Amino acid sequence: MRTPPRFDRGHTDDLMSFLAVSPSPYHAVANAAERLEKAGFRQVAETDAWDGTSGGKYVLRGGAIVAWYVPEGAEPHTAFRIVGAHTDSPNLRVKPRPDSGAHGWRQVAVEVYGGPLLNSWLDRDLGLAGRLSLRDGSTRLVNIDRPLLRVPQLAIHLDRSVTSDGLKLDKQRHLQPIWGLGNDVRDGDLIRFLEEESGLAEGETTGWDLMVHSIEPPAYLGRDKELLAGPRMDNLLSVHAGTAALAAVATADETLSYIPVLAAFDHEENGSQSDTGADGPLLGSVLERSVFARGGSYEDRARAFAGTVCLSSDTGHAVHPNYAERHDPTHHPRAGGGPILKVNVNNRYATDGSGRAVWAAACERADVPFQTFVSNNSMPCGTTIGPITAARHGIKTVDIGVAILSMHSARELCGATDPFLLANSLVGFLEG
């Protein structure tokens, strides 16, 4: 029996709000947690003993969140249905000694994170966001969401070769944003400014994780508003859809055969190898502790993992009208055509035939169309948290997502219907 669609255009409107208030992974997980709290979930600390009670729970660790819902009567060996995603996006991040400048300009020293399209960060009004680590061991989110920084492009009069040879950017010399005038560059200026903006006393901050973001808000685009333009769709679009789907399943009056889970990791864009990344122990630890808290044994843990399926949800490539030859000629995912199944026989994606069947059943249940993506044989294929999750935990994993243009740009583009089609398909999957 198919599930009536739970989400419509209002979901896309809410995605726009989510993107706007989530300029860093730390903000994204805080906002996801707030939505789950409204659905009855409660936070549990990793340092506390866990109980086996039913209901929704979640763990926050840095820029990652793992949330799960234990239905009434769940056995210790009950399998999980996991939606996996990542919270980080390629951008420019502040260095440990951020205060710099030259020739009368005050600048902020930044490092390139992940693989951004560097030219997309030029001549944009940029804000600054992230977290401050305080002397007392706590952290404070900070978001300067107004024009603060700018990476100015060199005028064409000073580089005529740009029209013939293309734009060439040196990551060290050409990407340092300006934020003021003056020759008196002093260590600590930026952090003192952020402390003042955050209502903190000078000297309270002893560490920071900060990144720039475009302050231009998400917007519908086109004559009929069929498109959505916005920042960080890779991969907050999936984080938002997974959060909405988990909340919907947890609050529905239905019997669940599985324990639905959302796992949104940090650091996917640089390899996932961290305590908050998909290649770390976080997901496995949470799943195991959930089994053991319900009185399970190692045998129960093995049975639960053997029956578990994970959907690794990440954005993929829509066919580009100006570069169609870069795509596989028989696989042209289109914006507005529904979510995509991502396949690569060399395991850059984790999908196999049996995983495709699980995904097809979820989409059929939700009455959602889907498309298939495979790379052109002559082009390298990207990867996701999918193969990492499958290999690390021995869990069947399927790679899916939404097709977009301008991936890794400061501003990306997708079909306006695809976010809620993805969310509906995730509901169909989590409900089993």
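**Histidines, cysteines and a buried serine**

Let's start with His157, which sits in the loop between β8 (139-149) and α3 (162-165). Helices here are DSSP runs of H or I with at least four residues, strands are runs of E with at least two, and both are numbered from the N terminus. His157 is exposed, at 60% relative accessible area. Buried means under 20% relative accessible area, exposed means over 50%, and partly exposed is in between, using a 1.4 Å probe and protein chains only.

A word on the model. It is predicted, so local features need pLDDT of at least 70 and side-chain atom pairs count only at pLDDT 80 or more, while totals for chains, interfaces and linings use all residues. Residues are numbered from 1 along each chain as its sequence is written, and side-chain values use heavy atoms, with hydrogens and water left out.

Why begin with a histidine? UniProt, in an unreviewed entry, places the feature "binding site" at His86, His157 and His408. UniProt positions follow the numbering used here, feature names are shortened, and annotations may be inferred rather than shown by experiment. These positions are spread over 323 residues of sequence, and in space they reach up to 41.5 Å between C-alpha atoms. From this set, His408 is in the lining of the largest cavity. On a 1 Å grid over the protein atoms alone, a cavity is a set of points where a 1.4 Å probe fits but cannot get out; lining residues have an atom within 4 Å of a point.

Now His86. Buried or exposed? His86 is buried, at 1% relative accessibility. It belongs to strand β4 (residues 80-86). Beyond its neighbours within four places in sequence, His86 touches Asp234, Asn235, Leu236, Val239, Phe265, Glu268, Glu269 and Asp314. Contact here means heavy atoms within 4.5 Å. The His86 side chain also makes a polar contact with the side chain of Asp88, at 3.0 Å. That term covers N or O atoms within 3.5 Å; within protein, one must be able to donate a hydrogen and the other to accept it, and residues adjacent in sequence count only if both atoms are side-chain atoms.

Next, the cysteines. How many disulfides are there? The search of the whole structure gives 0. A disulfide would be a pair of cysteine sulfur atoms within 2.5 Å. For Cys310, the closest cysteine sulfur is in Cys363, 15 Å away, and that is too far for a bond. Cys363 is likewise in no disulfide. Cys310 is buried at 1%, and Cys363 is buried at 2%.

Cys363 leads us to Ser425. Leaving out neighbours within four places in sequence, Ser425 contacts Pro339, Trp359, Ala362, Cys363, Ala366 and Val368. Ser425 lies in helix α10 (residues 418-431). Its relative accessible area is 0%, so Ser425 is buried. A polar atom of its side chain lies 2.6 Å from the backbone oxygen of Leu422.

Last stop, helix α2 (residues 25-38). It has 14 residues and spans 20 Å from first C-alpha to last, close to the 20 Å expected at 1.5 Å a residue. The expected span is 1.5 Å times one less than the number of residues. Its buried residues include Tyr26, His27, Asn31 and Leu36. Just after α2 comes Gly40, with a positive phi of about 100°.

Technical notes: 1 Å grid on protein atoms, 1.4 Å probe; cavity = no way out; pocket = protein on both sides within 12 Å on 5 of 7 lines; lining within 4 Å.
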